[in-house]
Amino acid sequence: MTRSIFKTLAALLTENTSLARCLTEPGVFRGKLDSKEKARLFKSLVNYVEFEPHAFCNRACIFCPNSTLDRKANKQVFDRALHRKVLNELAEIAYAGTIAYSRYSEPLAREEIFDYIAEARSLLPCAYLKIITNGDYLSHERILRLQSLGLNYLAISIYLPEGVAWSPQAALKQIRKFSKRISMGFQVRRKARASVFVDFLKEASGMKMDARCHDFGRGKEGFDRGMSVVWLSPVLFVRKAPCSFVFRNFTMDFNGNVMPCCNLRSDNPQHAPYVLGNVAHETIFDIYSGPPFARWRRALSGFAPKSAPCKHCKDAPMNSVLDRLLTAAWNLFSS
């Protein structure tokens, strides 16, 4: 009776809260879900699926693990047949959330990205397709090509040249330079001490396109990526808040390995023990509902000090009063 009342209240008060929905699925922790229930759980909770289309990145930014892990020499590509397999599994549940192409690669460095977008749009007509890029490989022609293939959102990270001190003025100067190169105007959305956001004015409708330039020095923008970027670890801060990523995200590396969140990567020996499975060997639904992923959700669902690799993470915080009530209930009813 108590469990039934709680489910009803959770559904009424937090209909769209991933954590509350997962509270109603205790079977995931007891290995009692069949294939249909696993697919239903994935569909009800996951709204962000991330592919790493290949391994290569042309940059080695100081705030990124690529500054110490070589991604310039690694040319491995996410297998095309495997990409189609995952898309077909998502099509089984009529997935309509976000599909992002990013991770620690530069998506536009290889031509395959256009095939990936075309295939994703064909198989998942209602999905929201997104690319996160450093903009180095962008041109006006490529932007229009992505737009014609059905990309919904192109998010561009603009970086200052090495040796140039960050300021809002310097950021805008670099954005103007980029804007001229791609032949597209922009308007400033937000300008602050440590960040500038702009929106580009497109020639055709249907695709959002924006850029951001952050201060990664003085502003200390960024996350320590599972304690792999040591200088970004806020050593005096220990995370206590739950994490929503392990409930709503499904993150795949270039090799098909699935990680608990975007801050961890399987090609980092430090994070290798955290691999949850590989989409070549299991369905996305089996991996999401499997015991390894379930253990991560349980470990990150309460308001208690977190251990490595999440100890100093400030990403995806859940600090509201409602979050606290939900996680307390989670620990009560899923034990």
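1. The count of aromatic pairs comes to 14, where rings of Phe, Tyr and Trp (its six-membered ring) pair if their centres lie within 6.5 Å, and where planes under 30 degrees apart count as stacked, over 60 as edge-to-face and the rest as tilted. The model is a predicted one, in which local features need pLDDT of at least 70, side-chain atom pairs count only at pLDDT 80 or more, and totals for chains, interfaces and linings use all residues. Residues are numbered from 1 along each chain as its sequence is written, and side-chain values use heavy atoms, with hydrogens and water left out.

2. Phe-51 and Tyr-101 form a stacked pair, with 5.4 Å from centre to centre and 10° between the planes. Phe-51 belongs to strand E1 (residues 48-51) and Tyr-101 to strand E2 (residues 98-101), 50 residues apart, so that the pair links distant parts of the chain, strands being DSSP runs (E, at least two residues) numbered from the N terminus. Phe-51 is buried at a relative accessible area of 0%, and Tyr-101 is buried at 0% as well; buried means under 20%, exposed over 50% and partly exposed in between (1.4 Å probe, protein chains only).

3. Tyr-128 and Tyr-153 form a tilted pair, 6.5 Å centre to centre with 50° between the planes. Tyr-128 is partly exposed at 32% relative accessibility, whereas Tyr-153 is buried at 10%.

4. One aromatic cluster is formed by Phe-42, Phe-250, Phe-285, Tyr-288 and Phe-293. The charged end of Arg-297 sits over the ring of Phe-293, 4.9 Å from its centre, by the rule that CZ of Arg, or NZ of Lys, is within 6 Å of the ring centre and within 35 degrees of the ring normal.

Terms used: Helices (H or I, at least four residues) and strands (E, at least two) are DSSP runs, numbered from the N terminus.
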